[in-house]
Amino acid sequence: MSPNPVKIAVTGAAGNIAYSLLWRIAAGEAYGPDVPVELSLLEIPTATGAAEGVAMELNDSALPLLRNITVTDRAETAFEGANAAFLVGAKPRGKGEERADLLKNNGGIFGPQGRAINDHAAADIRVVVVGNPANTNALIAQQSAPDVPAERFTALMRLDHNRALSQLAEKLGVLTTDFEDVVVWGNHSATQFPDLSFATVNGESVMEKIDHDWYVGEFIPRVAKRGAEIIEVRGKSSAASAASAAVDHMRDWVQGTEKWVSTALPSDGSYGIDEGLVAGFPVTSRGGAWEIVSGLELGDFQRELIAKNVEELKAERHAVEALFK
Ligand code: NAD
Ligand code: LMR
C-alpha cells in the first residue's frame, strides 16, 4: 500500500521556475518514487488564472503520483497542512540589477508567508526559499514563524553548488559526480564563496590540479556571477536549472546525503558566521535534517571571503529588521 500523500506548497506557481519545478515534484523527485504528492499552488490574485492553467496541464500529464492540486491566492490555504514549501514567488532581477536590489519589492512577501507557515503548516514542514534575495527572504520568513524550528527554513545555494561542479568538471574533463567536498559559502549573491580548498576529484586534491590564478581570477567570479551571465545571454533569469537545484535540495534534505552539498540555513555560529544569519555551509543530511560539516580548518583566504559574506548578510538583515514580527 502506498504511504499517505505528502503535501507540497509552491509559491509563484504561474512563473518560469514553477513551470519546470512542478513537474519534477509531481514526478516524485523530491520525496521519492513511492510517495504520492498533493500540490498547493499559491499565486497573487492576478495570476491565479494562469496558475489554474498550469494545474490543468499537470492534470493532463497523468502523472502516477499526483493526487490533488489546489490553486489559491491565500497563503493560509496554501500552507494548510503543508509538509514542504518551495517559496519561489517573487520578482526576478533584470539586467544590471543585483539580487539585493529586490529586497525592497520582495522582502514584504516573506513575513506574511512565514506567519501563515507558522500557523497552518504540518509539524514536519521544510521550507526552501528560492525567491531573491533568497537568504534574507528566508531569514524574514523564519523570524515570522517563531513556533517552527529555525532550521526548517533554508535558502537555495544548490544552484551555485551545481554551477561550481559544472565549471570544474569542464575544466578538468571529468564528470560532476567525480567531485567530493565542494562547498559554496555565504550569500546567494556575487559575494558568495565557491570554495575548492577541501575538494577532491576521484580521491585526489582539486587544488593540486588547478592553477591558483584560474581559481581566484576565473572560477570564483564565474560561478558567483553565473546568474547575471544567464540573464545577459538568455534575456531572463535561470529557471529550469533553478528548479533542478531546488529539487536536489529537497530530495537530499528528505532522503539524505553523505556527500557534502551546499545549503543556506540559520547559522549555529560555526566558522565565524553570526548565529541566525541564513548562510551557505557545507552540509550532509541524515534522518531528515541537515548537519553542518564540523571541524574544518579554514585558512586566511577562506576566512576573508566568508567574512565578506557575513558583512553583506548583516547589512541585508539590518535593512529588513522592521519586517520581523
Ligand atoms: P517569474 O516572474 O517568472 O515568476 C514569479 C511568480 O511569482 C509570478 O507568477 C508572480 O505572480 C508570483 N508572485 C509574486 N508575488 C507573489 C506572492 N506574494 N505569492 C505568490 N506568488 C507570487 O520569476 P521566476 O523566474 O520564476 O523567479 C522567481 C524568483 O526566483 C525570482 O526572485 C528570481 O530572482 C529567483 N531565483 C532564485 C534562484 C536561486 O538560486 N535562489 C535562481 C533563479 C531565480
Ligand atoms: C540565479 O542565480 O540564476 C538567480 O538567482 C537569478 C539571478 O538573479 O541571478
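This is a predicted model: local features need pLDDT of at least 70, side-chain atom pairs count only at pLDDT 80 or more; totals for chains, interfaces and linings use all residues.
Tyr271 has a positive phi of about 55°, although it is not a glycine. Is Tyr271 buried or exposed? Buried means under 20% relative accessible area, and Tyr271, at 18%, therefore counts as buried.

Asp181 is another non-glycine residue with a positive phi, about 60°. Its loop runs between β7 (179–180) and β8 (183–185). Asp181 counts as partly exposed because its relative accessibility is 22%.

Next, a cis peptide bond. It joins Asn132 to Pro133, with omega near -5°. Pro133 belongs to the loop between β5 (126–129) and α5 (134–143).

Now to helix α2, residues 48–60. Which residues of α2 are buried? They are Thr48, Ala51, Val54, Ala55 and Leu58. Seen down the helix axis, the buried residues of α2 fall within an arc of 105°, so they line one face. The general point is that an α-helix has 3.6 residues a turn, so residues three or four places apart point the same way.

What covers that buried side? The elements over the buried residues of α2 include α1 (16–26), β2 (37–42) and β3 (66–72). On the face turned away from the buried side, α2 carries the exposed residues Met56 and Asp60. Just after α2, Ala62 takes a positive phi of about 50°.

Definitions and conventions
Residues are numbered from 1 along each chain as its sequence is written. Chains are lettered from A and ligands numbered from 1 in the order in which they are written. Side-chain values use heavy atoms; hydrogens and water are left out. Helices (H or I, at least four residues) and strands (E, at least two) are DSSP runs, numbered from the N terminus. Buried means under 20% relative accessible area, exposed over 50%, partly exposed in between (1.4 Å probe, protein chains only). The arc is that of the directions from the helix axis to the C-beta atoms. Contact means heavy atoms within 4.5 Å.
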